[in-house]
Every structure is written in structure tokens, then in C-alpha cells.
Amino acid sequence: MFKYTIKRVLQSLGTVLIVVSIVSLLLSLMPTDYFFTEEQLIKLTDKQKEDQLAAAGLLDSPIVQLFHFLENVILKFDLGTSRRIQAGVPVIKVIGDKFAISMRLGCIALAISLILGVPMGILQARHKDHLFDHIGAAYTIFVNAVPRLVSYSLVLGVKLFGLPSMYSTRHAVRSSILPIICLAMGSTASYALWMRRYMVDELTKDYIKLARIKGLSTRQIMFKHVLRNAFVPMVQNLPTSFMLTIGGSLLVERFFSIPGMGPLLTDSITRYDLNMVRGLVLLYALLGIFGLFLGDVLMTVCDPRIRLTGKGGDTR
């Protein structure tokens, strides 16, 4: 386990370095005209523009720009300052403030989707091809097929319950209800779908037939054997889902004007805030890779038969 952990950590750091390097190199190839506002492009002379670009380090070669960024991150843990999103504010502070909002909404939505989705999938598997299974399948299809589900939730919440359609820090709890519902609805359908699929697959295996021959009840088979084995692949994906959820939802956060992580990356790119883009890419790469690693570890906790390393150091 220790050797596997060290190996995965080194692989993860290498992957993060490659991702950040590629993105940073691509950003350095963008036209420098985006660095200036339309007013600055008209008023500033070519010499003034060149001086500003040189002060920002944008006239250095792409390799030099990448080296300076990595040096600041590794040695100083400094992602620089935001230039357009929040001018003059450290990137870490900007991301931290917005991350806290997205994490709060995302964690609540994820908890709701797990509480509803997993039992829903279990019941669908237990009553396969019956009424509840058809209702669950219809819900899953509806959620995945309607791209404007957020709009329906908005109308329902505003018209029937008088919930605010715009996020407000002064009324954070009340104005968070609709965004949380919208975030949870899709995840609930996904967890129900995958839980049902894994459990149905388990029900067709030979050890289930043997358990029935031994006289075990359906309840014992479902919860003592099937649920445990079916939940293992679910556990592997949970950390990644959690990491991505707290990273924000672009559609929901923009729709409800939530000042979270969702629209931050696209806004940073369009507004040529390079330090912000690099910082966000680094954050998302770390979240994704850590989620995958944590999923592997949780699999071994849920099922001791799974070993991360075997003889010769091979992963299983």
C-alpha cells in the first residue's frame, strides 16, 4: 500500500505538471491584444503597450513564462494576482472565496443525491420491471433528456413556493434552495441508474443462485451480498464526483448568478486573466487526480479482497 501510494503520488504530480505546462504554453500563444481593453488599444502607443507587456512578462518566451509560473508555485506557493476578475487581488484569495460558496452548495447537493439516488437504485433493482422501476427509469430519462431542467425548477420554485431566482449573500440559505435542487436532481438520477445497473448485474451471478438454493430470503440476498458488491464500483467514483461537484457547476451557477467557481474559468479565459486561468487549471487537475486516487483507496476499504498492489508490484 505504501509503495502504491508513493507511486501514485509521483504519477499524479507528473500528470499535474504536464497539464499545467500544456495549458500555460497554449495561453502564451494567445494574441497579446487581448491583454488590453478596447479603450487601451485605441489610446496607448505601441511603445506603451510593449512596456506593459514586458512588465507582465508576456514578451518572454513560452518556456520562460512557464518556468516563472512553476517557480512561484513550487517555491512560494504564489499563483500571482488577478488582473481582470478582481484586479490586484491574489489569485488564491479569489479562488478561495468562490470555492467556499461552490463547496457549500455542492456538498449539500451531493448529500441529497446520495440519500435519494442510492435507495432509489436499490428499490428499482429489487422491483425490476415493476411499477417503481418504470417510474425511476422515466425520471432518469426525463432528467437526462431535458437540457433546460434548471428552467423548469426555476418556474416551479418561484411560482409555487415564492423562492428567489437569484442568489443573494444576504439571504444565502433561502436563495440556495433552487440551485441545490437543480444540482441534486441530475446526480440523483445518475446514482440511481448506476446503483440499479450494478445490482442487476450482481443478481445474475452464480453466487446469488447458490444463496437462493441455501434458503436465504430476498432481503438477506439484497442487503448482505448484492448491495455490498454492487456498491464497490460506486465508491470508486464517489470521490471524483465530490471533487468535481465542489468545483462548481457552470450552468447552474451562471443561471442563478452564484458567485462561485462554475463560470470563473470561462470568464478568466475570455477576459485574458492568465494567472487566474493557470491557478484554476492547477486546482481542477489536483481535484480530479486526488479524487481518482481516493476512489481506489476506498475500494480496498469496502472490499478487502481488492488489493492495490500484487506480487511484483502490479496493481489489481
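A salt bridge is a side-chain nitrogen of Lys or Arg within 4 Å of a carboxyl oxygen of Asp or Glu. I start from that rule, and I note that the model I am reading is predicted.

**Entry 1. Lys-47 and Asp-51**

I looked up the side chains of Asp-51 and Lys-47 and found that they meet in a salt bridge, at 2.9 Å from N to O. This is within the 4 Å that the rule asks for, so the pair counts. How far apart are the two along helix α3? Asp-51 and Lys-47 are four residues apart in helix α3, which covers residues 46–55, so about one helical turn separates them. I then checked how open each one is. Lys-47 has 53% relative accessibility and counts as exposed, because exposed means over 50%. Asp-51 has 40% and counts as partly exposed.

**Entry 2. The other salt bridges I looked up**

By this rule the count comes to six salt bridges. I wrote down two others besides the pair above.

Lys-205 forms a salt bridge with Glu-202, and their closest N and O atoms are 2.9 Å apart. Is Glu-202 buried or exposed? Glu-202 is buried, with a relative accessible area of 9%, because the limit for buried is under 20%. Lys-205 is partly exposed, at 38%.

The side chains of Arg-254 and Asp-267 also meet in a salt bridge, at 3.1 Å from N to O. This pair links distant parts of the chain: Arg-254 is in helix α12 and Asp-267 in helix α13 (residues 264–270), 13 residues apart. Asp-267 is partly exposed, with a relative accessible area of 25%.

In general, side chains of opposite charge can pair when their charged atoms come close.

**Entry 3. More on Arg-254**

I stayed with Arg-254, which has its place in helix α12, residues 250–255. Arg-254 is partly exposed, with a relative accessible area of 43%. Which residues does Arg-254 contact once its neighbours within four places in sequence are left aside? I found Ser-249, Pro-263, Thr-266 and Asp-267 in contact with Arg-254. With Thr-266 there is a polar contact between the two side chains, at 3.2 Å. I also took one distance from C-alpha to C-alpha: Arg-254 and Leu-264 are ten residues apart in sequence and 9.6 Å apart in space.

**Entry 4. The chain as a whole**

I stepped back to the whole chain. Of the 316 residues, 39% count as buried. The accessible surface comes to about 18000 Å², and 66% of this belongs to carbon and sulfur atoms. I also looked at contacts between residues at least 6 apart in sequence: 67% of them join residues at least 24 apart.

**Entry 5. Helix α1**

Helix α1 covers residues 2–28, and Leu-13 lies in it. Leu-13 counts as exposed, at 53% relative accessibility. Which residues make a nonpolar surface patch with Leu-13? I noted Phe-2, Ile-6, Val-9 and Leu-10, and the patch they make with Leu-13 is about 520 Å².

Val-19 lies in helix α1 too. Val-19 counts as partly exposed, at 33% relative accessibility. Leaving aside its neighbours within four places in sequence, I found Val-19 in contact with Val-281 and Ala-285. Val-19 and Ala-285 are 266 residues apart in sequence, yet 7.3 Å apart in space from C-alpha to C-alpha.

**Entry 6. Gln-65**

I looked up Gln-65 next, and its place is in helix α4, residues 62–76. Is Gln-65 buried or exposed? Gln-65 has 8% relative accessibility and counts as buried. Not counting residues up to four places away in sequence, Gln-65 touches Ser-28, Gly-57, Leu-58, Asp-60 and Arg-278.

**Entry 7. Cysteines**

How many disulfides does the structure hold? I found zero disulfides. A disulfide is a covalent bond between the sulfur atoms of two cysteines. I looked up the cover of two cysteines. Cys-182 counts as buried, at 11% relative accessibility. Cys-107 is partly exposed, with a relative accessible area of 27%.

Definitions and conventions
Residues numbered from 1 in each chain as written. Predicted model: local features only at pLDDT ≥ 70, side-chain atom pairs only at ≥ 80, totals over all residues. Heavy atoms only, no water. Buried < 20%, exposed > 50% of the residue type's maximum accessible area, 1.4 Å probe, protein only. Contact = heavy atoms within 4.5 Å. Polar contact = N/O pair within 3.5 Å; in protein donor to acceptor, adjacent residues only side chain to side chain. Patch = residues over 30% accessible without salt bridge, like charges linked within 9 Å, V, L, I, M, F, W, Y side chains within 5 Å. Areas by Shrake-Rupley, 256 points an atom, 1.4 Å probe, with all protein chains shown as cover. Disulfide = S-S within 2.5 Å.
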